[in-house]
Structures are given as structure tokens and as C-alpha cells.
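Open the structure in a viewer and keep the selection tool at hand. The stops below say what to select next and what is there.

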Amino acid sequence: MEIQSNFSLKKHNTFGIEASAKQFVAVRSTAELKTILEENKNEKKFILGGGSNMLLTKDIDALVIHIDLKGKKIIKEDDDFVWVESQAGEVWHDFVLWTIENNFGGLENMSLIPGNVGTTPVQNIGAYGTEIKDTFVSCEAINIATQEMKTFSNEECNFGYRESIFKNEVKDQYIITSVIFKLSKRNHKINTSYGDILAELAKNNITEPTLKDVSNAVIAIRQSKLPDPKELGNSGSFFKNPIVLKSDFEKIHQKFPEMKFYEVSETEVKVPAGWLIEQAGFKGKRFGDAGVHKNQALVLVNYGNATGQEILAVSKEVQKAVFEKFGIKIEAEVNVI
């Protein structure tokens, strides 16, 4: 393990922001991770996964520890289900494709989401009607201060919409090293409830979709709407879809009857942030090298040499305009650093 100084993080964040780390090290096993944490107890530390859910607005004045743990395996199975463990450094989309190749169901709707497996529980990532919490069993995590390993069960993770214990009660205290999922082997629950998926399947004359069909549909939809970070810097959806009290929403809806929404409970509805941003006039808008993507208003992009501060400024303009027009606050889904 080599600790490098003044290390460029440009290739380690999907926005492609030029920022540097005071020190940088990649760890490829829990033993290496424990050693680094123990030997650098008094150093400020910054944990880096796939770099897909963050916006760097400054250099990192700390030891950046890149989690590069690889490997996946079946740990148990019965006639109906399989329990699969993946190390934290596995690329999420590659892992999803591996589960589909093995006819393991449950993750196909989350194909092509950027990032690594280890960060998926932190955000409780989700797409097209599914979330990590639906198949998550547990994760192993190391305590940064004591180097002790702890297992977090599904219940202990306190999952919510893009929320978990790792973003709240134990934020910055643990590093996830591996995750276990329970996936179906047969009688798969194919979820095509989202109109986009149904339309994509219909386009290909598919009436009885397989896991692979659903995955392919999701990939096609995402590729049509979302830019490839290798070609255009971005972090996927920059904003969360806001959840609004029904009592408040009814008043807003009277004023904007064309506003789309989804019921999430008896008292709350979810409003698509992309629609709000588009109606506020920001879709495709460019501010120097920072901007809002032309196909999906939820996505902020770096056209080449934007700084993190410039992209952050665009996000604040978007939030301000949406609130002024609709009275709805939209929050960043991306971690701003």
C-alpha cells in the first residue's frame, strides 16, 4: 500500500472535477483497511468509493482512503432464494449484470446506476419502483475509530427514501466492507409498474419479460435520458424527488393541475423533481462549463472544465427558481464536499 501525496481526484469522481487529495491510498482487503486506519489514527480521513454520488467543491485536506475491495460469492441458497455477498469495491452495474446472468432476481430495475456496491446502502439507492432495502439482508462495516467489525441488519439500517443510518446516526463512523443480498431463484417478482419500462418492452414486442428483458429496458431508458459520465461529467440524479404533504400539495396542484405526482402514503405525495426543474426553465441551460442536461433536468453536468463551486452555484439557482415558482423545496441527493 503506497500513500501518495497531492493526488489528483479527477479520475475518481464522476463529475470529472479537478481536485486533489492531501494524501491518497487504495485498499484492497479489510486487513489493509484496518492497518491504514490504525496507523493513521490521528489523521483526518475521507472515505472514497466509486466517486459517483459526490460533488467536490475544494481540495480534500485529509487522507483519502479509496475502498477497492473486490469479490462476490454465494453464501447460502435454498430452492427459492440465494444469499449473495459482494465486496464493497465491486462496480454496482457489473454486480447487477452478474446476478442477472445467474438468473437471480431483485436488482434488475437498478441496472446502470453508477457507483460501487459498498455505497448503495448509504443512499438506499433505488430506481423504477425498487430500492436496496427490498433485497438487502445485512452489511459488514468497520468502525473507523476502533477498527472493530460490525454487522448491520436491514432493520438496523433505518432505511428511508435515499436515507439510512449511515447518513444520519452513524455518519462518518463506519466504512462498509461488504453487503449481502437475498435474491430470488425462481418465481421472480418482475416489476414493470413504471410506464417507461412498459413502453420500452412494448416497443420490443415483449409481453412476458425476463430479468434480462427488464434490465435491458432500464439500461435503454437510462442511456436515452442520462449522459455517460465517461463522456460528460455528472453524478446521475443531482436532486431528490421531493415528498410533499397532501394538504400542501392540493393547494399547489390547484394552481398547477398538470403537475405529476405519486402517492407514497395516506398523507404524502412524491413530485418528480425533473418535471419541476424543467417547468422552471432550466432543462438544457448552460452556465459556462456547468449546466443542466438537455434530456434530463435532474442531472447537472460538467461540460469540461467546470469547478465544483460552479456546479454548486447552478444547483442553488435551480433550487431557488423551483421554490419561487412552486413553493416546493428540492434537496440535493448528491453529497456536496
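Select the lining of the second largest pocket: its residues divide into eleven nonpolar, 18 polar and nine charged. Here Ala, Val, Leu, Ile, Met, Phe, Trp, Tyr, Cys and Pro count as nonpolar, Asp, Glu, Lys and Arg as charged, and the others, Gly among them, as polar. The model is a predicted one, in which local features need pLDDT of at least 70, side-chain atom pairs count only at pLDDT 80 or more, and totals for chains, interfaces and linings use all residues. Residues are numbered from 1 along each chain as its sequence is written, and side-chain values use heavy atoms, with hydrogens and water left out.

Stay with this pocket. A pocket is an open set of points on a 1 Å grid over the protein atoms alone, where a 1.4 Å probe fits, with protein on both sides within 12 Å along at least five of seven lines; lining residues have an atom within 4 Å of a point. The lining has 38 residues, and Thr 14, Pro 114, Asp 228, Pro 229 and Lys 230 lie nearest the centre. Two or more lining residues come from each of β5 (60-67), α2 (92-101), α5 (211-225) and β13 (233-234). Helices (H or I, at least four residues) and strands (E, at least two) are DSSP runs, numbered from the N terminus. The largest share, three residues, comes from α2.

Next, select Phe 15 and Phe 238. They form an edge-to-face aromatic pair, 6.3 Å centre to centre with 65 degrees between the planes. Rings of Phe, Tyr and Trp (its six-membered ring) pair if their centres lie within 6.5 Å; planes under 30 degrees apart count as stacked, over 60 as edge-to-face and the rest as tilted. Phe 15 lies in the loop between β1 (4-8) and β2 (20-27), and Phe 238 in the loop between β13 and β14 (243-245), so the pair ties together parts 223 residues apart in sequence. Both Phe 15 and Phe 238 are buried (under 20% relative accessible area; exposed is over 50%, partly exposed in between, with a 1.4 Å probe and protein chains only).

For a cluster linked by ring pairs, select Trp 92, Phe 95, Trp 98, Phe 104 and Phe 181.

Move to β6 (residues 72-77) and β7 (residues 81-87), which pair in the antiparallel sense over five bridges; two strands pair if DSSP finds at least two bridges between them. A hairpin of three residues joins β6 to β7. Lys 73 stands opposite Glu 85 in β7.

Last, select Met 149, in strand β11 (residues 149-153). Met 149 is partly exposed, at 34% relative accessible area.
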